[in-house]
Amino acid sequence: MQLRHLVVLLACACAANTKADIARPDSHAPIGVMGDHTHEVGEYMLSYRFMAMEMEGSRLGSDRISSDQIVTTVSNRFFGRPGQPPMLRVVPTEMTMNMHMFGAMYAPTDRVTLMLMANYSDLEMDHLTYQGGMGTNVLGTFTTESSGWSDTTLAGLVKLYESSTSNIHANLGVSLPTGSVEERDEILTPMGMRPTVRLPYPMQLGSGTYDPLLGLTYRGYANAWAWGSQWRSTLRTTDNDEGYRLGDVHMLSAWLSYMFSPSVSASVRLSYEDEDRVSGIDSRIVAPVQTADPDRLGGETTSIAFGMNLLASGAHDGWRLAFEYSVPIEQDLNGPQLETDSVFTLGLQKAW
């Protein structure tokens with residue numbers, strides 16, 4: 001059985017026999033899950049999340065591929081244009097993404113909770129440049145960087161079902177194009193030149209489009225155990241002003257947690273993500289590198305994550321601290337493409 005099928009089976013699990021308590025540390029999902037819970041009428045919550053993603057090495061489908069293999073076997077889609085060699089000659093070797101996520105939630109009614117999330121990203125990608133033509137002689141290295149506000153999320157979480165032991169709510173929202181799609185930096189070309197160019201798609205900060213967000217979240221409780229599942233999709237319905245649209249993203253998560261005390265719970269979570277290729281092309285993104293090719297973006301990733309939720313009490317009532325560490329266990333990428341090594345998320349929340 002493939003791991004994505006196991007995620008689906010876990011997502012369908014439901015059983016409960018004790019009353020869900022908002023004061024439980026596991027009344028919120030693992031911190032890597034967004035839009036996981038609702039509030040009662042008049043309640044507020046502010047949150048901050050820090051997410052660090054590490055990527056290193058490339059995959060073609062589910063197989064690893066070396067930099068030397070890439071520049072000797074993978075064709076350059078821009079071959080024939082001035083200065084463009086027949087094979088890829090620039091290879092990304094490592095990428096880090098640090099994201100600061102600022103959230104606010106408010107419940108104007110018992111049924112609806114409104115959510116706002118603004119994100120600030122720092123992106124950095126290291127590259128190898130091979131000498132022009134053919135072969136595996138390395139000319140040098142360079143690093144590109146971009147940073148700034150990414151796209152902003154506005155959403156409504158609508159309760160569909162609630163009992164003493166479980167609840168279900170819909171996630172309905174829109175991603176606003178507040179992130180730049182015109183980031184530039186200096187590169188090293190195979191001919192030894194150092195021009196400043198528009199960066200490839202993974203180094204841009206936003207989508208450039210208004211994107212509908214749809215999802216469904218389930219949570220249940222039984223004594224010291226809690227579990228849940230979530231489906232969430234980002235849909236790209238139009239091209240942006242640069243002539244392309246990012247791929248649709250579909251995510252499925254299922255988690256199980258155990259409450260060790262009234263203030264501490266630990267969790268394990270399986271997640272599956274399917275991201276489509278980029279449609280269209282930005283005419284200003286032209287380079288003999290895999291990240292400039294819209295067909296070499298997207299793919300499928302199944303991951304496992306371990307986390308903890310800590311709930312304060314007394315003088316610090318309403319504060320939560322949580323963290324989660326996620327690693328892939330299967331990746332099938334439209335490569336060659338950088339593979340994900342790990343994702344670490346740390347979050348702080350305050351409700352009143």
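1. Two strands count as paired if DSSP finds at least two bridges between them. That applies to β6 and strand β7 (residues 166-176) in this predicted model. The two run antiparallel and share ten bridges. Across this pairing, V158 faces A170 in β7.

2. β6 and β7 make a hairpin. Three residues lie between the two strands.

3. β6 has another partner. Strand β4 (residues 112-130) pairs with strand β6 (residues 152-162) in the antiparallel sense, through six bridges. Here T113 sits opposite L157 in β6.

4. Is T153 buried or exposed? T153 belongs to strand β6. T153 counts as buried because its relative accessibility is 17%, and the cut-off for buried is under 20%. Leaving out residues up to four places away in sequence, T153 touches M115, L116, M117, V174 and L213.

5. Now the surface. A nonpolar patch there is formed by Y48, F102, W149, W319, L321, F323, Y325, F344, L346 and L348. Together these residues have about 880 Å² of accessible area.

6. Which strand gives the most to the nonpolar patch? Strand β17 (residues 319-351) does, with seven residues.

7. F102 is also one of the patch residues. F102 lies in strand β3 (residues 90-106). Its relative accessible area is 38%, so F102 is partly exposed: the value falls between the 20% limit for buried and the 50% limit for exposed. Patch residues need over 30%, and F102 passes that cut-off with its 38%.

Definitions and conventions: Residues are numbered from 1 along each chain as its sequence is written. This is a predicted model: local features need pLDDT of at least 70, side-chain atom pairs count only at pLDDT 80 or more; totals for chains, interfaces and linings use all residues. Side-chain values use heavy atoms; hydrogens and water are left out. Patches are made of residues with over 30% relative accessible area and no salt bridge: like charges are joined within 9 Å, nonpolar side chains (Val, Leu, Ile, Met, Phe, Trp, Tyr) within 5 Å. Accessible areas come from the Shrake-Rupley method with a 1.4 Å probe; for residues, only the protein chains shown count as cover. A salt bridge is a side-chain nitrogen of Lys or Arg within 4 Å of a carboxyl oxygen of Asp or Glu. Helices (H or I, at least four residues) and strands (E, at least two) are DSSP runs, numbered from the N terminus. Buried means under 20% relative accessible area, exposed over 50%, partly exposed in between (1.4 Å probe, protein chains only). Contact means heavy atoms within 4.5 Å.
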